[in-house]
Amino acid sequence: MPASALLVGVIIIPLVGAVLTPVVGGRSGRAAGPWALAVMLVTSAIALMLIVHVANVGPFSAYLGGWEPPYGIELRFDEFSASTSVICLLGTLSILFSFKYAEKELPPERIRYYYTLLLLNLTGMIGFVVTGDIFNLFVFMEILSLSGYALVAVSGERTAEMAAFKYLIMGAVSSLMVLFAIGLLYALTGSLNMADISVRLAGAEKAPAMLAIAAFTVGFMVKAALFPLHIWLPDAHAIAPSPVSAILSGLVVKTGLLGMIRIYQIYYGAKVLDLSALNTVLVWLGAISIVMGAFFAIFQEDIKMMLAYSTISNVGYIIMGLGLASQYGVIGAAVHIFNHALIKATLFLGAGAIIYRTGYRNLTDLRGIGRSMPLTTAAISIGAISIVGMPPTAGFLCKWYIALGAVEAGQPLFAVALVFGALFIFVYYIRMVNTFYFQEPVHPEILEVEEAPLSMLFPVLILAALCLIMGILGRIPLSFVEPAVTRLLAPLGG
Amino acid sequence: MIALLWINLDYAASVVLFCIGLYCVVTKNNLIKKFIGLNIMETAVFAFIVALGVVEGGDAPIMGADANAPFTNPIPQALILTGIVVAVSTTALALSLIIRIYQHCGTIEADELREME
């Protein structure tokens, strides 16, 4: 099959699969899970073929309806789009994890809609990373945001609905910012195709172009939960069902970051503005996010709340890497988007398995859990080591590159902030691991708990293994994004 | 300055609307009012984008024997149709969340909800 047909298929298949899920699932919803899993397996196979193709021949496009840009909608698959791989991987594993989890935690009549929303959310993300059309980007962003709000509320508890509403208000305002910026870019250039805008923007007026990038940045910053705009994240991510938390924390916040990369592709290419002031702001906000996220996480008792705050820190790392605008920094940021998704999914799914078995979510209550659920806690510990950034795990590599990027950009102080943040992160993860293994249980029945069921254990262990493997084979993703980053930064006259 | 504002009256109006909406979202205590604020913001952005496509004296861009240029730009209108669909779904979701919150808590005032947490 030609690559362009596959590129359309990678969006259409999960979309059609999502629409069919309530029908296939039936009233009991029993078939919905396996069906969603099958859909995601097919999608993953296609995504894999696309990535092999992009590694062999470089970026390629598909034109919807045969209309060529700038008139038609272009789907474009480049190295940054290869994040579909991690979307498909986490999607598949989270759906597998949901089998038992949804049965226990969700009202039965909601199960089939839960899988529908999950597939829609994944469709939105895949579409978001492969589209080459700026309005199409907005539409996919809304698909993934709306399904995200609903997924937070899916358990039907009071706190979940309030968290979802808070998320919805902030998310909707940020979406409007993005739509406003898209309107501005259209007014300036008369085009909606990203590559075309980049060419036409070169001669545009400066002030509206600046307003557009400001609106884009603020909009995507809310989606990415960067420090001052993060307030929706802890509640939404901690209260959502664990497989949903894994997807929200691992993937959905990353779409904000990938959106920023897309906008940078347009603006760097057009050379219409000097973005160094914006980059300085981003680096600072990134550094503040790292420290503040870690600081708040230290005081959390609830294990999922702690993980949610740690996401804010890690978004800070990625934003810092992007803002440094140096080769190493941006490569590190791009790979951390991928690696953090793996690590955070390990942690959230592991925490979900523990909550599923014990019903407790506070660290004090979970003392001694390492003795009764050894495999799950081992996986969480690998995730914890990885997120702190110790070699030879996946987290080390990206943070090392971002630190190198800070030195390369001539701002070694930010490398210090990065290490300082990592120390903070180390403190609360070591506290967590310590509680699991070395403290006497508060509740004696903790020692009686069984290991997680196989359909939960398997995804957690696979992800934990990947955290290690991606540390050892880290050169592969690094060299994969390198040409894309070189292309991105080339107009800066490096 | 005034003359510039007068020429771009449509843009100025959408900016004002946007700010009114944002003010409601930030300051209102009632969740429904907050959400109406969001709808006002949506309308402001939609009006801004539709106004982009207006061509003075332009005709509807429908091909045919009696079609005569200039035409208005149909793309912003098509975009905003999609935008309105998105806005309607957001509204539906938000209102259903508000109903559920009311059923559970008996109030939709943000400060009373915060006290219950």
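Chain B carries 5 positive and 10 negative side chains, and the centres of these two sets lie 14 Å apart; here Lys and Arg count as positive and Asp and Glu as negative, with His and the chain ends not counted, and each charge is placed at NZ of Lys, CZ of Arg, CG of Asp or CD of Glu. This is a predicted model, in which local features need pLDDT of at least 70 and side-chain atom pairs count only at pLDDT 80 or more, while totals for chains, interfaces and linings use all residues. Residues are numbered from 1 along each chain as its sequence is written, chains are lettered from A and ligands numbered from 1 in the order in which they are written, and side-chain values use heavy atoms, with hydrogens and water left out.

To stay with chain B for a moment, its secondary structure consists of 5 helices and 0 strands, which gives the pattern α-α-α-α-α when read along the sequence; helices (H or I, at least four residues) and strands (E, at least two) are DSSP runs, numbered from the N terminus. The C-alpha atoms of chain B fill a box of roughly 65 × 40 × 15 Å along the principal axes. Its radius of gyration is 20 Å, whereas a compact globule of 117 residues would have a value near 13 Å; the radius is taken over C-alpha atoms, and the globule rule is 2.2 Å times the number of residues to the power 0.38. Of the 117 residues in chain B, 34% are buried, a word that means under 20% relative accessible area, as against over 50% for exposed and in between for partly exposed (1.4 Å probe, protein chains only). Among contacts in chain B with a separation of 6 or more, 45% are accounted for by residues 24 or more positions apart, where contact means heavy atoms within 4.5 Å.

Buried residues make up 65% of the 494 in chain A, and of the contacts between residues at least 6 apart in sequence, 81% join residues at least 24 apart. The mean positions of the 25 positive and 25 negative charges of chain A are 1 Å apart.

Within chain A, one residue to look for is Ser61(A), which lies in strand β1 (residues 60–63). Its side chain makes polar contacts with the side chain of Glu74(A) at 2.7 Å and with the side chain of Arg76(A) at 2.8 Å; a polar contact is a pair of N or O atoms within 3.5 Å, where within protein one must be able to donate a hydrogen and the other to accept it, and residues adjacent in sequence count only if both atoms are side-chain atoms. Leaving aside neighbours within four places in sequence, Ser61(A) is also in contact with residues including Ser4(A), Leu7(A) and Leu75(A).

Most residues other than glycine have a negative phi. Ala225(A), however, has a positive phi of about 60°; this alanine sits in the loop between α8 (206–224) and α9 (233–239) and is buried, with a relative accessible area of 0%. Ala325(A), in the loop between α12 (303–324) and α13 (327–358), likewise has a positive phi, near 55°.
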